[in-house]
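Today I will talk about aromatic ring pairs. Please have the structure open while I go through them.

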Amino acid sequence: MDSIVINYEREFEKLESMLVNLRILKPLLYKKIYHTGSLFQYLANELEKNELNSDNFVLDNDYILAGYYANIGFLAIEDSIYKDNYTNENDLQIIKRHVKISADLLHEKGLKNIGDIVKLHHEKPNGSGFLREQNTNKKIAILNIADEFLDSILPYKRPESPMVYEEAIEFCLNGYQSMLILNHQEIRTIKQSLFEYFSKNIRE
């Protein structure tokens, strides 16, 4: 099968149009989807500036688009994410389905590389993520950290009690503090960058 040539200019135009519509029609999901992509880029840029092996954190178009499309699957299970709490394993499995839904949608649209990135965005270095697959890709690790930080700090899933900042930091870095995939300097840069982004863009 011939490889599909992606018109990235067109893909970014479609992304922008989607975000405009979400901001009007689905404001809570818009915040989650927009900030995941935005925070992912912010963390990667800060790590690129501060690390010796900065090429590890340079994002190409596929990664940038994956940051914004990682949670597009929530649109298919929207009723479930607004529950007050998740009381059983079935509730959690429904939430976890957003990963496969997002990845499958992107694959169907011919965006295979982007879908492959999205499929791993909840996976951990120790294989303890949603799909129990081991992730050793630093860029996907940064996407996972950005996504889980926002999961815990934004009120889109927990309208009555999002985590406080310190809890969100602990939650999103769980599994990375003692892992070789990110070194201590990178962890420090991530913590500082999360605080800066939170202060400028999220905290009211």
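**An aromatic cluster**

Phe149, Tyr165, Phe195 and Phe198 are linked into a cluster by ring pairs. Rings of Phe, Tyr and Trp (its six-membered ring) pair if their centres lie within 6.5 Å; planes under 30 degrees apart are called stacked, over 60 edge-to-face, and the rest tilted.

Some housekeeping: this is a predicted model, in which local features need pLDDT of at least 70 and side-chain atom pairs count only at pLDDT 80 or more, while totals for chains, interfaces and linings use all residues. Residues are numbered from 1 along each chain as its sequence is written, and side-chain values use heavy atoms, with hydrogens and water left out.

The structure holds 7 aromatic pairs. One of them is Phe149 with Tyr165, edge-to-face, at 6.1 Å centre to centre and 80 degrees between the planes. This pair links distant parts of the chain, 16 residues apart: Phe149 sits in helix H7 (residues 138–153) and Tyr165 in helix H8 (residues 165–172). Helices here are DSSP runs (H or I, at least four residues), numbered from the N terminus.

Tyr165 also pairs with Phe195, again edge-to-face, at 5.7 Å centre to centre and 75 degrees between the planes. That pair too links distant parts of the chain, from Tyr165 in helix H8 to Phe195 in helix H9 (residues 184–202), 30 residues apart.

Now accessibility. Buried means under 20% relative accessible area, exposed over 50%, and partly exposed in between (1.4 Å probe, protein chains only). Phe149 is buried because its relative accessible area is 0%. Tyr165, at 17%, counts as buried, whereas Phe195, at 37%, counts as partly exposed.

Notes. Helix = DSSP H or I, 4+ residues; strand = E, 2+ residues; numbered from the N terminus.
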